Amino acid sequence: MMALWLLLHLSLLRLSTTRHLAQGHSVPSVALPSFVDFNLREEVQESTQIPNNGSAPLLVDVRVFVSTVFNVDILRYTVSSKLLLRLFWLDPRLAWNVSEHPQHAVTLSLDSLWTPGLTIQEALWVDWQEQSPRARVDQDGHVELYLALTMETTCDFDLLRFPRDQSDCSLSFYAFSNTVKELKFRAHVVNEIVSIKREYVVKDLKTQVPPKQLVPCFQVTLRLQNTALKAIIALLVPGEALLLADMCGGLLPLRVTDRIAYKVTLLLGYFVFHSSLVQTLPSSSSCNPLLIYYFTVLLLLLFISTVETVLVAALLARGDLRAKSSPSPGPRGEQRDHGNPVPNPEEAPRGVKGSRRSRTEAAGHIFFLVYVAGVVCSQFIFAGLWIWVPCESAPHGGKPRL
């Protein structure tokens with residue numbers, strides 16, 4: 001009877017003390033009017049302390065409803081999401097007898113009862129959508145509290161296989177105002193995300209209570225997977241197209257003067273593409289994306305191909321200059337006697353010129369075959385690294401590996 005009267009009285013008084021759950025601050029003493037007797041004043045102060053559950057810690061059942069993950073920024077290592085928390089626990093001090101008071105439940109402000117102060121470890125900012133939430137208390141002393149929040153948290157993305165990357169982002173909720181002997185969480189998670197096509201989608205949700213913690217806590221893990229559509233269109237397709245165009249340029253005859261301009265244009269275009277790729281991906285991560293190394297190797301292949309084209313064209317041009325600078329033969333009548341024919345000097349330079357040109361063209365053809373083989377091998381090597389190489393990085397703050 002006394003408990004119900006206390007609850008009803010506190011709900012009518014609308015006490016002015018505010019407790020912010022996001023910061024986990026301690027609760028100040030409740031200021032009661034002077035006409036309230038001293039016993040009631042003590043009961044109010046006791047009601048804002050954690051309920052005594054004997055030798056066992058108080059069990060708080062937490063159900064986390066994940067409604068949306070609306071922004072994943074791999075450049076800033078942040079994830080924005082909206083959650084709804086349902087907290088449920090038993091406080092026997094708030095129970096009353098229904099036979100004497102027919103009310104089965106009442107709603108109270110958070111200033112008039114104990115609530116677990118929660119702090120999100122990875123949060124950059126938290127927006128609690130209801131500034132003055134109220135808890136529902138039933139006749140047996142069961143307390144039910146709903147908290148809706150929007151937040152931006154940090155996440156260490158695993159970008160080794162970008163753009164088909166998959167990362168686990170954790171949300172750690174701590175109750176710093178209590179100890180593990182006083183409070184214990186039992187957490188569950190519910191996926192309420194509407195199936196919206198985004199760059200990153202939530203593939204799995206799970207909760208756990210980390211063992212051997214100094215303060216009560218529970219952890220929600222979001223598994224995010226990249227759909228890869230945007231990156232494939234913006235990165236892989238242009239890169240492979242430039243590489244294919246460079247290999248097709250090797251089929252042009254060496255005598256064509258525009259072949260060098262063609263190769264240089266491709267190389268400059270790939271430089272621009274590579275610079276945009278560097279700006280698209282983060283500067284550092286637990287594991288750097290394999291695409292960075294892959295496109296760097298392709299850049300080296302294009303550079304080598306362009307240098308080979310310039311060298312072969314220079315050798316052909318030098319051979320032509322030597323052929324033109326050789327002495328021209330005299331009149332055909334002066335070179336021969338009637339009885340002793342003299343070898344034609346025009347035939348010797350022409351044969352030397354032809355042999356030099358044929359050797360240069362053969363060297364260019366061999367290089368083209370080696371280049372194509374190198375490009376094909378690089379594709380297979382990259383595919384093997386993509387499949388079998390794991391991301392092995394030491395945890396932040398851990399000891400370096402010897």
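The model is predicted. Start with the overall count. The protein has six helices and 11 strands. It holds 402 residues, and 39% of them count as buried. Now look at how the chain folds back on itself. Take the contacts between residues at least 6 apart in sequence. Of these, 76% join residues at least 24 apart.

Begin the tour at strand β1, which covers residues 58-73. Its partner is strand β2, residues 78-90. The two pair in the antiparallel sense, over 11 bridges. One of the bridges can be found by eye: D73 has T78 in β2 as its bridge partner. Together, β1 and β2 make a hairpin, with four residues between the strands. Find Y77 in this hairpin. Its phi is positive, near 60°.

Stay with β2 and look for another partner. Strand β7, residues 142-154, pairs with β2 in the antiparallel sense. Here the count is 13 bridges. S81 stands opposite M151 in β7. S80 has E152 in β7 as its bridge partner.

Which other strands does β7 pair with? One is strand β5, residues 123-128, which runs antiparallel to β7 and is joined to it by five bridges. Look again at E152 in β7: this residue is also the bridge partner of W125.

Another partner of β7 is strand β6, residues 134-138. This pair is antiparallel too, with two bridges. R136 stands opposite E144 in β7. β6 and β7 form a hairpin with three residues between them. In the turn sits G141, with a positive phi of about 90°.

Next comes an open sheet. Its four strands follow the order β4-β8-β11-β10, and the pairing is antiparallel. Which strands stand at the edges? They are β4 (119-120) and β10 (200-208). Each has a single partner strand, so one side of each is left without a neighbour in the sheet. T119 has Y174 in β8 as its bridge partner.

Now turn to the helices. Two packed helices are described by the angle between their axes and the distance between the axes. Take helix α4, residues 258-280, and helix α5, residues 290-325. Their axes come within 10 Å and cross at roughly 160°. Angles over 145 degrees count as roughly antiparallel. α4 and α5 are therefore roughly antiparallel to each other. Their crossing is left-handed.

What residues meet between α4 and α5? From α4 come, among them, I260, V264, L267, Y270, F271 and L277. In α5 they meet residues including L291, F295, L298, L302, F303 and V310. By class, the contact has 15 nonpolar, five polar and two charged residues.

How values were computed:
Residues numbered from 1 in each chain as written. Predicted model: local features only at pLDDT ≥ 70, side-chain atom pairs only at ≥ 80, totals over all residues. Heavy atoms only, no water. Pairing = 2+ DSSP bridges. Axes fitted to C-alpha atoms, helices over the stretch in contact; angles between N-to-C directions. Parallel < 35°, antiparallel > 145°, perpendicular 65-115°, else oblique. Left-handed = near helix turned anticlockwise from the far one by under 90°. Contact = heavy atoms within 4.5 Å. Nonpolar A, V, L, I, M, F, W, Y, C, P; charged D, E, K, R; others polar. Buried < 20%, exposed > 50% of the residue type's maximum accessible area, 1.4 Å probe, protein only.
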